Amino acid sequence: MVASRERSSRRTFLKTTLGAGGALTLAGCLEGDGGSGGGNSTQNGSGGSGASGDLVMLTSTETTSAYAMSQGISAVVSENADEVSVDARPSEGTNANIGALDRNEADIVYIQNWTANKVMEGEDPFGDISFTPNQVHHLYDLGWFLCTPNEGWETVADIESGSRVSPTPRGSGTAEMLEQALSYVTEDYERVSTDYGSQGSAMNEGRLDVGAGTFVNFSVEPSWLQEMKSTTDLRVLDFPDEVIGELEDDPAIVISEIETGELDGYAYLPEPLRTPALSYNFVVRNDADYDTIYTYLETVYGNREALQERNQLMAPLAEGEQFLANPYEMPFHPAAADFYEEQGVWSDEYERGDE
C-alpha cells in the first residue's frame, strides 16, 4: 500500500502558476501530444531500483512530444555522465507508468497531477501499489481543450444531446479530467474514443462532433492539431462564464487562461481561452537508489542548455526554478531534495521523502 497519509475528502493539489497559463507566442508544429493515453507499450526487461546506474524512463507513446523529450534527456545524460545512463522507452501513458514502477519494470516515469492525486489518495486502480512515489523534476505543462467543426458553436454548452464527443481516447488520465470538467455543463452526449491523429478525418466524415486539442507549455500546437485545423473549420470551445467559478473551486481541476491572440487558422478561437491544464512531472519509487537519482538530476540540471538544443520544448528548463514548477502534494526523493537545497531553489513548502 502507499505509505499512510491523511486523506482529504476531495482531491487536493497546489494550484500554482499552472493556472496562470502562458502567452502563446511560439506556435509551432510538433509530433504527438505529450499526454497519456492509448498506444502499444514497447517495454521490455526490468527496471529495478536503479542501483546499477541504469534508469529505464517512461513517458508516453512513440508519436508524442513527451517521448521525443525523453530521448533528448537520455542523450544528454549519456553524453555527460559516466555512472548513470537513461534508457527512454515508450509507454501507454501516465496511469500505466505507475504500474510499471510498481512491477519494477521502470525506474523513472512521468505522470500528471490528475494521476498523482489518485495515487496519493489511494484511489482505484492505485490502492494497492507497494511504494510511495517521490517527485524528481518537472517536465512540461499541457493546456487541454475541446474543439469542433460544428458551425456556430463557441462553448461546451453548445454540445447537443447525442453529440459524439471524444475527450481524448478512453483510458487516459486526461480523458478522466476532461470528462469531469465537461460534467459541470453536460453529460448528455455519446462518448466515443478517437485517436488524436484521426480526429480531423472523423470530423470531416461526420463521425465526430467534438474532439480534444492541446497547447504544449501553453505555446505550441502539436502536429495533429495543426492538421486538424488545416483540414476542418475547427472551432475551439471555451467553458461558459457560469461554470468557470465551479471549475476553479474543484480541487481536482486546474483552469488555465491562455492568451490566443497570436494564433491563426481556426474558424473560432476565444480570446482568452479558459480551459483545464495538466502538469507533468517525473517520479520514482521511494526506494530508488540515492546516488543514482542524485547523479541523474545533477547531470540533467547541469546541462540545461543542452536539453534546449535537443528539443525546444525543454527550453523552459533552462531556468533552474522550472525543475520545481507546479509540484504535486507528494514528497520529493531525498536525493532530489538535497540537490535542490544545494542549488538554493528548495522551499520549506515542499515535503522531503523518507530515507
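Trainee: Where in the chain is T232?

Mentor: T232 is in the loop between α6 (223-231) and β10. Note that this is a predicted model.

Trainee: Why is T232 called buried?

Mentor: The relative accessible area of T232 is 6%. Buried means under 20%, so T232 with its 6% qualifies.

Trainee: What makes the pair of T232 and M228 a polar contact?

Mentor: A polar atom of the T232 side chain lies 2.7 Å from the backbone oxygen of M228. The cut-off for such a pair is 3.5 Å, and 2.7 Å is within it.

Trainee: Which residues is T232 in contact with, leaving aside neighbours within four places in sequence?

Mentor: These are G200, M203 and N204. Contact here means heavy atoms within 4.5 Å.

Trainee: Which sense does the pairing of β5 with β8 and β10 take?

Mentor: With β8 (residues 211-216), β5 pairs in the antiparallel sense over six bridges. L142 stands opposite V216 there. With β10 (residues 235-237), the pairing is also antiparallel, over three bridges, and L146 stands opposite L237.

Trainee: Which residues of α7 are buried, and which are exposed on the other side?

Mentor: In α7 (residues 241-249), V243, I244 and L247 are buried. Seen down the helix axis, the buried residues of α7 fall within an arc of 120 degrees, so they line one face. D241, E242 and D249 are exposed on the other side; for that label the relative accessible area has to be over 50%.

Trainee: What do the buried residues of α7 pack against?

Mentor: They pack against α4 (173-183), β11 (254-258) and β12.

Trainee: Why is β11 called largely enclosed?

Mentor: Four of the five residues of β11 are buried, so the rest of the structure largely encloses this strand. β11 is joined to β12 by five bridges, and the two run antiparallel. I258 has L273 as its bridge partner in β12.

Trainee: How do you know that the length of α8 is close to the expected one?

Mentor: α8 (residues 290-302) has 13 residues and reaches 18 Å from its first C-alpha to its last. The expected value at 1.5 Å a residue is 18 Å. At the start of α8, a side-chain oxygen of D289 comes to within 3.4 Å of the backbone nitrogen of D291. The buried residues of α8 include I293, Y294, L297 and V300.

Trainee: What is the confidence in the model, and where does pLDDT stay under 50?

Mentor: The protein chain averages a pLDDT of 86, and 85% of the residues score at least 70. Values stay under 50 over residues 1-17, for which the model has 50 contacts beyond four places in sequence. The pLDDT also stays under 50 over residues 19-48, with 118 such contacts.

Conventions
Residues are numbered from 1 along each chain as its sequence is written. This is a predicted model: local features need pLDDT of at least 70, side-chain atom pairs count only at pLDDT 80 or more; totals for chains, interfaces and linings use all residues. Side-chain values use heavy atoms; hydrogens and water are left out. The expected span of a helix is 1.5 Å times one less than its number of residues. Buried means under 20% relative accessible area, exposed over 50%, partly exposed in between (1.4 Å probe, protein chains only). A polar contact is a pair of N or O atoms within 3.5 Å; within protein, one must be able to donate a hydrogen and the other to accept it, and residues adjacent in sequence count only if both atoms are side-chain atoms. Two strands pair if DSSP finds at least two bridges between them. The arc is that of the directions from the helix axis to the C-beta atoms. pLDDT is the predictor's confidence in each residue, from 0 to 100.
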